[in-house]
Amino acid sequence: MASTTKNWVTAVAAATWAGNAAAGNLNLQEPTTTIAAQIYSLHTYIMVVCVVIFVLVFGAMFYSIFKHRKSVGHKAAHFHENTTVEIIWTVIPFLILLGMAAPATKTILAMKDTSNADITIKAVGYQWKWGYEYVRGEGDLAGVSDGIQFYSNLSTTKDQIYDKSVKKSENYLLEVDNPLVVPVGKKVRILTTANDVIHAFWVPSFGVKQDAIPGFIRDTWFTAEQTGEFRGQCAELCGKEHGFMPIVVKVVTVDEFKAWAAKQAKDTGAPAAETAAAAPAPQAAPEKVAAAGGAADGKKTFEGACAACHMTGVAGAPKVGEKAAWAPRLAQGKDALYEHAIKGKGVMPPKGGNAALSDGEVKAAVDHMVSLSK
Ligand SMILES: [Cu+2]
């Protein structure tokens, strides 16, 4: 339902800017959702209004200055309090503002309407990565992806960033290990918050940009209209590595999404409805992770969430590999270690301070630590 009155403006401007956009990306990114398309045409429309005003005002000004200058014999007129002029220069700008505010308000209201989502995902900003959690919700896809959670880390290698001689990858600084996966054609509600400092969730081609603030929940939404990969970034300025926490959204068909969700639930032990029903016992999934794929997954979790303390042994944390520190702990048995790691012990916060980790992931990390310390 793009506004027909200003479509021609958009078309004309888009045609003239297309060349620039392709060469140097001066314009907004190509919109891929209805909201982004509305934002795009609003931007174009308001830009055209501004250009017209600019040309008229400065045209009149320079014409007057040049044509009526003193050196060709003109004399300044003296007049005060011309009511007609004052009314005109109040009413015309007022009408121009109304003409811009009306369509803008319509789009802003649509952007804020997060009701009736098919799926709800919490995006949590961390220093310096995003964590995604598919929360239990209403809508078409309720139950399909409940409880899935994972981190999404920059996958561009450090040498590409710091070593000028290394060739940069195609999606340099815009690539991650685990993309956010969403179904096409479904309304996705994103709840944003942050764990430490303010971050901002921004996917330009979806027309989505929302601050992620510690202690607050804000929401935004999008309905992806085409499958594919879409890239965004943390748009927060203050902080040294916001530029290193990109957002990649992988849009897949609904069937692919269901298959992905079922597989995730199995891998991470998330209690998604389908797997829970299919599995012999509800607790089977996390145990399986700990027993089977534990070492590999655990290593990643350990490096991301536990190494900060357990690699160096700060503040009394038992250092991995140090047999003297670990022998008495190992003697307690694994279940005690799991419990202490999940619930916290002494100075050690529950799950090492990463509430977003599933029990299965923490257990896998403990397994990894134990295997290094035996
Ligand atoms: Cu950030």
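## Strand 6 and its partners

Strand 6 pairs with strand 9 (residues 228-234) in the antiparallel sense, through 2 bridges. In this pairing, W202 faces Q233 of strand 9. Strands (E, at least two residues) and helices (H or I, at least four) are DSSP runs, numbered from the N terminus, and two strands pair if DSSP finds at least two bridges between them. The model is predicted, so local features need pLDDT of at least 70 and side-chain atom pairs count only at pLDDT 80 or more, while totals for chains, interfaces and linings use all residues. Residues are numbered from 1 along each chain as its sequence is written, and side-chain values use heavy atoms, with hydrogens and water left out.

Buried means under 20% relative accessible area, exposed over 50%, and partly exposed in between (1.4 Å probe, protein chains only). Strand 6 also pairs with strand 7 (residues 208-212), antiparallel, over 5 bridges. V203 stands opposite V208 of strand 7.

## The copper site

The copper ion is coordinated by four atoms: ND1 of H199, SG of C234, ND1 of H242 and SD of M245, at 2.0 to 2.7 Å. Donors are N, O and S atoms within 2.8 Å of the metal (3.2 Å for Na, K and Ca); water is not among the atoms, so sites may look incomplete. The arrangement is tetrahedral because the 4 donor atoms subtend angles of 90 to 128° around the copper ion. Four donors count as tetrahedral if all angles lie between 85 and 135 degrees.

Along the sequence, the spacing of the donor residues is H-x34-C-x7-H-x2-M. H199 in strand 6 and M245 in the loop between strand 9 and strand 10 (247-252) are 46 residues apart, and the pair links distant parts of the chain. H199 and M245 are both buried.

## Strand 10

Strand 10 is largely enclosed by the rest of the structure, because 5 of its 6 residues are buried. Strand 9 is joined to strand 10 by 5 bridges, and the two run antiparallel. G232 has I247 of strand 10 as its bridge partner. Strand 4 (residues 180-183) runs parallel to strand 10, with 4 bridges joining them. Here V181 stands opposite K250.

## Aromatic rings and charges

Rings of Phe, Tyr and Trp (its six-membered ring) pair if their centres lie within 6.5 Å; planes under 30 degrees apart count as stacked, over 60 as edge-to-face and the rest as tilted. The count is 12 aromatic pairs. One of them is the tilted pair of Y134 and F257, 6.4 Å centre to centre with 35° between the planes. Y134 lies in strand 2 (residues 129-135) and F257 in helix 5 (residues 254-268), so the pair ties together parts 123 residues apart in sequence. Both residues, Y134 and F257, are buried. One aromatic cluster is formed by Y132, Y134, F150, F257 and W260.

A charge sits over a ring if NZ of Lys or CZ of Arg is within 6 Å of the ring centre and within 35 degrees of the ring normal. The charged end of K209 sits over the ring of W202, 4.8 Å from its centre. The charged end of K129 sits over the ring of Y151, 4.6 Å from its centre.

Key
Four donors count as tetrahedral if all angles lie between 85 and 135 degrees; four count as square planar and six as octahedral if opposite donors are over 155 degrees apart and all others between 65 and 115; anything else is irregular.
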